[in-house]
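Biologist: Please take me through one part of this model slowly. Pick one residue, and show me what surrounds it.

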Amino acid sequence: MSVVQRKAMLKAEGFFPHKKNAKGTTIIYSRKHPTAKFVRVVIDSGIDNKTNKVVGKVGVKLCFVNRQKSWREVTIEIFTTNTGLVKTIKAQEAAEKFVKTCKHCKAKKFTAKSGKVVCSNACWTTWSGKRNSTNKTQGVAGKSVASKTKSSQKKPQRNPGKATPKTQRTYPLNKRVGKKSQKKRQKIVAEILPGDLVSVERIELDTFKEDYTGKILGIVMSVTPDGRVNVNWTANTSNLESYDLPFTNSYTTDSRHVRRIKVLSRSVEWAEAA
Ligand SMILES: [Zn+2]
């Protein structure tokens, strides 16, 4: 039944099955992105092509079709069930505008096997040909110089034999506690809604520190009246554990480090609670 339902949903959303799946036995579907040129919405149906049975969740991702007609995965694949399928397709389509574009040829960028984010057309191979060869020699020379300096600096330049006696050391504890810590504590909130495609960002004392877009991705499943956000984290290639990920729509300004939810699919601001 869910196979029939899943296929019907894909058909209703305008998807057509591929004849082949180079990576597995499930049926792949795809169609054009509604607005972005050369971008396709690609779905791993999770339906086995031989048994016609559901063998897994449905995966939704975006691919960029490059000049050589190769498909480059430009988003992380989000897995969902029949219930979440339409919403996930919409969320992934919305994620297109967060995919970086090559400034030389306007193709979408993707994460290569090396881990580098590069142009889908690999256009640098055409425009950097000449410069590249000279660069190479420079690179080698530069490297040897660099390693030389490195080895000569091997020993840390510490004042030898003279350590400050323990009693004379200045510990943070000895410092006067500034008035800053008595700053008024404020509640910062954001409107986070079910269906939002989200990532994580880290701030430290109100200053932006780190953006996890591209490393962490999730879909908001629900938000409770007291502000608890239940996120289905679908991808996490960061060094954060799942218990490090944010789960509320608010925090207070007295917390030094904050990891907060970053909404990708809409424009959402964190602001002082009214
Ligand atoms: Zn390019």
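Modeller: Start with Asn 121, which is buried, because its relative accessible area is 10% and buried means under 20% (exposed is over 50%, partly exposed in between, with a 1.4 Å probe and protein chains only). This is a predicted model, where local features need pLDDT of at least 70 and side-chain atom pairs count only at pLDDT 80 or more, while totals for chains, interfaces and linings use all residues. Residues are numbered from 1 along each chain as its sequence is written, and side-chain values use heavy atoms, with hydrogens and water left out.

Where does Asn 121 sit? Its place is the loop between β8 and α3 (124-127). Helices (H or I, at least four residues) and strands (E, at least two) are DSSP runs, numbered from the N terminus.

Now look at its partners. Setting aside neighbours within four places in sequence, Asn 121 contacts Phe 64, Asn 66, Arg 67, Gln 68, Cys 105 and Ala 107. Contact means heavy atoms within 4.5 Å. For Arg 67 there is a distance to give: its backbone nitrogen lies 2.8 Å from a polar atom of the Asn 121 side chain. A polar contact is a pair of N or O atoms within 3.5 Å; within protein, one must be able to donate a hydrogen and the other to accept it, and residues adjacent in sequence count only if both atoms are side-chain atoms.

Cys 105 leads us to the metal. The zinc ion is coordinated at 2.3 Å by the SG atoms of Cys 102, Cys 105, Cys 119 and Cys 123. Donors are N, O and S atoms within 2.8 Å of the metal (3.2 Å for Na, K and Ca); water is not among the atoms, so sites may look incomplete. Why is the arrangement tetrahedral? The four donor atoms subtend angles of 96 to 115° around the zinc ion, and four donors count as tetrahedral if all angles lie between 85 and 135 degrees. In sequence, the donor residues follow the spacing C-x2-C-x13-C-x3-C. Cys 105 is in the loop between α2 (85-95) and β7 (109-111), and Cys 119 is in strand β8 (residues 117-119), so this pair ties together parts 14 residues apart in sequence.

Last, step back. The protein has four helices and 16 strands. Buried residues make up 35% of its 274 residues.

Terms used:
Four donors count as tetrahedral if all angles lie between 85 and 135 degrees; four count as square planar and six as octahedral if opposite donors are over 155 degrees apart and all others between 65 and 115; anything else is irregular.
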